[in-house]
Amino acid sequence: MKTFWRTHNCGELTEKNIGERVTLCGWTDSDRDHGGILFIDLRDRYGKTQLVIDPKEAKFEGTTRPKTEECLQIAGTVRQRPKGTENTKITTGTIEIGVEKVILLSASQTPPFEVVKSQDTNEDLRLQYRYLDLRNPAVQKNIFIRHKMYQAIRRALDTENFVEVETPILTKSTPEGARDYLVPSRVSQGEFYALPQSPQLFKQILMVSGFDRYFQIAKCFRDEDLRADRQPEFTQLDMEMSFIKEEDIFAVVEKVLKSVFKEVLGKELQTPFPRLTYQEAMTSYGSDKPDLRFGVKIVDVDALVKKTEFKVFKEAPYVLGLCLPKMDASRKDIDTLTEFAKSEGAGGLAYFKAEGGKLESPIAKFFAADILEELRKKFDAKDGDLIVFAADKHAKAEKVLGAIRLHVAKQKSWAKPDTFHFSWVTEFPLLKWNEDEKRWDSEHHPFTSPNLEDWDKHKPGGELQKIRSSAYDLVLNGNEIASGSIRIHSRDLQREIFKTIGLEEKEAESRFGFLLKAFEYGPPPHGGIALGIDRVITILLGLSSIREVIAFPKNQKAADPMTEAPSPVAERQLKELGIKLR
């Protein structure tokens with residue numbers, strides 16, 4: 001687009017522009033001196049253009065020799081690059097600009113790191129000078145991809161009659177599993193707003209309000225310990241729908257992701273995504289977010305190995321096994337894997353190696369020949385495979401073998417790069433036992449509807465662990481990227497759930513009274529889901545941290561090295577708020 005400052009951007013000139021007089025603006029990406037003639041790559045967000053400057057012929061304003069990262073305006077004529085000097089990797093690689101005029105728009109100090117290599121720099125230094133880091137085309141690309149994803153989401157949901165509604169940032173503290181960020185009120189001293197952990201209650205109220213289909217690309221805030229896929233403020237695609245079942249939500253989410261993958265990556269997604277229950281996921285893969293890019297399932301061998309003379313197995317609560325293919329494991333490999341298993345809570349690691357059509361192990365002497373052969377067939381073990389066992393309580397044995405499965409998969413590169421495998425996990429438990437506080441907690445959140453058949457069947461007898469919920473997760477390559485549920489829309493059932501998790505009526509009214517009040521006025525059946533935008537983009541781009549796809553992220557200590565937030569505030573401000581620091 002032609003503007004007052006420039007006729008073209010730095011990424012669009014080609015051979016068709018040869019002979020044209022042009023004006024460009026941008027930053028000095030690199031410069032080379034060839035016998036007094038300057039060759040400069042001028043960079044903007046669109047690309048790079050090579051400038052050729054003869055100091056004897058060009059006019060200079062404000063500079064005689066542009067330095068790295070200085071902001072320039074240049075005027076000159078487009079010409080063909082000499083044969084053999086073309087750069088076929090960029091759009092502008094067959095032309096150059098014979099520069100007639102150079103204007104320094106603003107000078108630059110020597111940067112603390114080379115901009116185009118910023119990703120190789122210490123992360124805190126990158127974040128301290130984030131404005132320079134963001135000039136790196138490789139870093140900018142992540143933000144542009146995010147922009148394209150937003151547009152694809154909005155287009156897809158608009159065709160499905162969703163309305164985008166913004167919900168409050170300053171709201172009531174309703175703890176949802178993590179600590180709230182609190183904001184003191186100056187007008188009502190001693191009282192606080194909270195930043196929303198999610199728009200959960202507001203989107204349910206929008207359903208009561210008759211909006212039918214809501215979405216929002218929402219900022220959420222949680223004061224929790226950080227790791228590679230967590231930030232104190234993050235973004236989620238938040239959705240809610242009325243008069244629907246789980247299948248309707250799955251269909252909409254799959255349509256949105258098909259659009260995102262098509263428009264952002266140029267890839268076609270196969271839908272519908274496969275589905276498995278929570279119990280199936282745990283039983284087969286030892287994880288509620290299984291990576292299905294490769295097989296290798298956990299096998300129940302408890303009944304079979306209890307027939308042996310191996311004391312560890314005979315006395316164990318339960319025994320499960322896992323066949324790791326083509327391991328050709330040495331003694332050292334097995335010792336290393338045993339140490340890993342111990343770090344996951346195992347007492348040790350029993351194993352068999354498949355060799356010469358048989359199973360070999362120091363514990364083989366405790367097993368009859370027919371049992372060994374039956375084990376080999378049960379695992380379909382082939383020469384070079386390694387069978388490992390976990391002997392413990394069922395849930396713990398699943399967890400250990402699930403961790404081993406992922407650990408070895410990473411070591412052996414079982415998952416093909418640039419592959420994406422989605423799956424829905426359904427029928428999560430409604431409740432989990434809190435051993436520390438000796439009470440039941442919601443597995444998802446307290447607004448999740450139970451499976452009503454389970455609720456009627458097990459609630460009277462108190463077998464709460466058997467109650468399934470109407471909650472579901474979407475998993476991508478072993479990462480939970482979305483979570484949702486069919487909601488409770490009955491005030492009476494909601495009160496029962498609160499009572500079951502030990503939330504007394506007075507406390508429930510204090511925390512969620514406005515939602516319960518809304519439920520007195522004809523709430524529709526409804527449900528929804530929230531998809532982690534930062535996490536999805538990170539996986540799509542094959543990156544290791546969500547900080548790479550956020551324009552201004554916090555570091556591992558939840559601090560911003562650039563603005564130096566969080567920071568102390570003036571005593572006057574605290575006094576206005578009625579706050580005194582201890």
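Predicted model: local features only at pLDDT ≥ 70, side-chain atom pairs only at ≥ 80, totals over all residues.
Let's start with a pair of helices. Two packed helices are described by the angle between their axes and the distance between the axes. Here, helix α13 covers residues 491–500 and helix α14 covers residues 505–518. Their axes come within 11 Å and cross at roughly 150°. Because that angle lies over the 145-degree cut-off, α13 and α14 are roughly antiparallel to each other. The crossing of the two is right-handed.

Which residues bring α13 and α14 together? On the α13 side you will find R491, Q494, R495 and F498, and they meet E505, A508, E509, F512, L516 and K517 of α14. Sorted by class, this contact holds five charged residues, four nonpolar ones and one polar one.

Is D534 buried or exposed? Its relative accessibility is 3%, and because buried means under 20%, D534 counts as buried.

What does the side chain of D534 reach? One partner is the side chain of R146, with which the D534 side chain makes a polar contact at 2.7 Å. Another is the backbone nitrogen of T235, which the side chain of D534 reaches at 2.9 Å. Leaving aside residues up to four places away in sequence, D534 touches R146 and T235 along with F234, I546, V549 and I550.

Note on methods:
Residues numbered from 1 in each chain as written. Heavy atoms only, no water. Buried < 20%, exposed > 50% of the residue type's maximum accessible area, 1.4 Å probe, protein only. Polar contact = N/O pair within 3.5 Å; in protein donor to acceptor, adjacent residues only side chain to side chain. Contact = heavy atoms within 4.5 Å. Axes fitted to C-alpha atoms, helices over the stretch in contact; angles between N-to-C directions. Helix = DSSP H or I, 4+ residues; strand = E, 2+ residues; numbered from the N terminus. Parallel < 35°, antiparallel > 145°, perpendicular 65-115°, else oblique. Left-handed = near helix turned anticlockwise from the far one by under 90°. Nonpolar A, V, L, I, M, F, W, Y, C, P; charged D, E, K, R; others polar.
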